[in-house]
Amino acid sequence: MSTFATHQTEILLQSTLLAHGKSVPSSPTIKQPVVFSARTQKLHSLLATFNPPISPSLVQETVDILKSDGSGIVINGMGEEQMSLRRAAVGAVAASLFGQILDMMLQQATEADSEANWWAELERSRRKLAWYLLETLPLRLKRVVETITHALRSRNLAVTPSAFTPNSIRQLFPSTLRPSRLAISFFPHLSGHSRMIFRSPFELTRQECQFSRQALEAIRDDRAERLGRLTASRPASLLKTEELVTFIRVLQEIVDDDEMPGIRAGEHTLIESLSDISNTKVPKAYRLHNIGLSGLRRPSRVMRLWPRLVIIPPITLILFRLVYGSRETLGQQLTQAIDTVSGFWTSYLLQPVRDILDTVRTGGEEGVRLVSVEGVKADIESLERMAVALSKEKYQFGPTELEGLSMQIRRGDLTPILKVYEEDLKSPLKSAVSGTLIRSLLIQIQKMKVDVDFALSGIDKLLRSQELTFAFVGVAPALAIVYAIFGWARGIWQSGHGRGRYGGRGRRQSVWLAMRRIERCLVLSSSRPQSHKTEPESLSSLEQGLILLSVAQLRAYGEKHLPARSRLREEFLVDVSDLEDSDLRRKQKMNVVKRMWRSWGGVLEWSSIGEK
């Protein structure tokens, strides 16, 4: 029994038994008479076990004991305490049947709604329609063969292979404006069409899905309307005989469409009516529901799987032969693929990351340089010695002048050397042979070398200051590729068929649809004209039933797919309980719906589900 039906039954059962001096689920407190018959003692013990969910066998056993003393509540010669116990038992049986019928209507409406949603999904996809037509093709061909065989036998013709040729079939089923029996056997929904208009097989298949969906929606609305009437007719308690008689009459109307004789208070028919509901009406309602849905349910699992069972083994065998025949080539390609992945992982991801860590650890001082510090220092010292030697020889500088010249050369100023070079250029041939022209040129060449070293040192310093930037730029494409691959794999792992977060996209979409239906019913009820006999802002029986159906789906989702013992699950079920509360008015329930959209829309990704 569903949680909602159990809760409603418990409320009615408690109010009934407590009024007769019995609390639920504590032990009975009804005072026993001095002498109890065996049947009364048995009834007393059975009544103590009436705790939801109540089994039909317990209800039937209680009804049998009540019937053994009579069919009514008032029995001549029975004591007051026994009458109180009997009245409590009758009320408990009525409350139990209320819960059983409530749960039955809720289950039937849920089943019809689930099947209608399946046909609706099929109806929207051309690919699914084609696959459904293939799945049901054997059944359709079987009906076609049976129809042709029946037509041949009705005309006393022999059933031979030649009778199944196109010419023979055209003679058996001539073309008319109405759909022929042959067309109806292939597409049964055409039996309700007055004219046969040629359409493609896909369009006829879509019409068949639409026909099944509409029929299931009609069944769902019928059960939802009865569910709404049943919950609206639940009394506060079953204290008076008139209330009990009225309530049992409502149960009879809900569970069966047949005209039932009225139950009059004071007549010995009350318990007979309860027995008839329990033994006849409820089983008949189950049976009629199954008969009504027999041709509207989705195909069986075997019928939906046979194309895969037929197609997959040959394809698997062919692929196995191809793989086995090319095993050497595939082995080489597999080895190359492994090497490629390994090389990418090592050379473009791990090694650059290690280099980045080394750079951070050493501060960028290690590694290859454009020019070494020692080389630059040696070139400067060589230039200094060459310039000092030439100046000492030409100008006869003392130690003080030579020290100043050294400081001047370290700053890059070669003015004394340039003056010597200018004097040598006045007589270049003589200076080249016996002078210092060549030495001056070589000193300037050394100066150019030092300048180049300084320039390379600056470039090296600039590059090293940006070494981390270049390292991250180099590793970024590899990191992006790895992130994209892992994100794609994670999306596949979490998506589809209920394996994702919070039950998967499919179940979250069903909850989104249930929320939309609840809000739609509440909005439509506010826009419906109210008569002077109707309470303002009241819900019709159909709207109330559809809301209860959707709320039951929300509760089933929350109890099954939200994390156990989590705040998310607890608060979600609290909101569902608010929607189940019959004491809340329409505006209050609308505020609950808005709160649920605001609280759970982002967590359960209802906005993204609605966009796709």
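Arg206 has a relative accessible area of 22%, so it counts as partly exposed. This is a predicted model, so please take every value that follows as computed from it. Arg206 pairs with Glu203 in a salt bridge, and the closest N and O atoms are 3.6 Å apart. Glu203 is likewise in the partly exposed class, because its relative accessibility is 30%. Both residues sit in helix H9, 3 residues apart, which is about one turn of the helix.

That is one of 21 salt bridges in the structure. I will go through two others.

Take Arg297 and Glu111. Their side chains meet in a salt bridge at 2.9 Å, N to O. Arg297 is in the loop between H11 and H12, while Glu111 is in helix H4, so this pair ties together parts that are 186 residues apart in sequence. On accessibility, Arg297 comes out at 29% and is therefore partly exposed. Glu111, with a relative accessible area of 27%, is partly exposed too.

Next, Asp113 and Arg517. These two form a salt bridge with the closest N and O atoms 2.9 Å apart. Asp113 is in helix H4 and Arg517 is in helix H20, residues 504–527, so the pair links parts of the chain that are 404 residues apart. Are Asp113 and Arg517 buried or exposed? Both are buried. They also belong to a network of salt bridges, together with Arg220 and Asp221.

Now the nonpolar interior. In soluble globular proteins, nonpolar side chains tend to be buried together. Here the largest nonpolar core has 49 residues, and the members that touch the most others are Leu47, Phe50, Val93, Ile101 and Leu251. Several helices each give two or more residues to this core, among them H1 (3–19), H2 (38–47), H3 (56–69), H10 (241–255) and H21. Which element supplies the largest share of this core? That is H4, with 15 residues.

Leaving out residues up to four places away in sequence, Leu251 touches Ala94, Leu97, Phe98, Ile101, Leu230 and Ile277. There is also a second, separate core of 28 residues, and its members include Val511, Val551, Val593 and Met596.

Which residues make the nonpolar surface patch of about 630 Å²? They are Trp131, Val310, Ile311, Ile315, Ile318, Leu319 and Leu322. Helix H12, residues 301–325, gives the most to this patch, with 6 residues. Val310, which is found in helix H12, has 48% relative accessibility and so counts as partly exposed.

Ser566 has a relative accessible area of 16%, so it is buried. What does the side chain of Ser566 reach? It reaches the backbone nitrogen of Arg569, at 3.2 Å.

Methods: Residues numbered from 1 in each chain as written. Predicted model: local features only at pLDDT ≥ 70, side-chain atom pairs only at ≥ 80, totals over all residues. Heavy atoms only, no water. Patch = residues over 30% accessible without salt bridge, like charges linked within 9 Å, V, L, I, M, F, W, Y side chains within 5 Å. Areas by Shrake-Rupley, 256 points an atom, 1.4 Å probe, with all protein chains shown as cover. Salt bridge = Lys/Arg side-chain N within 4 Å of Asp/Glu carboxyl O. Helix = DSSP H or I, 4+ residues; strand = E, 2+ residues; numbered from the N terminus. Buried < 20%, exposed > 50% of the residue type's maximum accessible area, 1.4 Å probe, protein only. Polar contact = N/O pair within 3.5 Å; in protein donor to acceptor, adjacent residues only side chain to side chain. Core = buried A, V, L, I, M, F, W, Y, C linked by side-chain atoms within 4.5 Å. Contact = heavy atoms within 4.5 Å.
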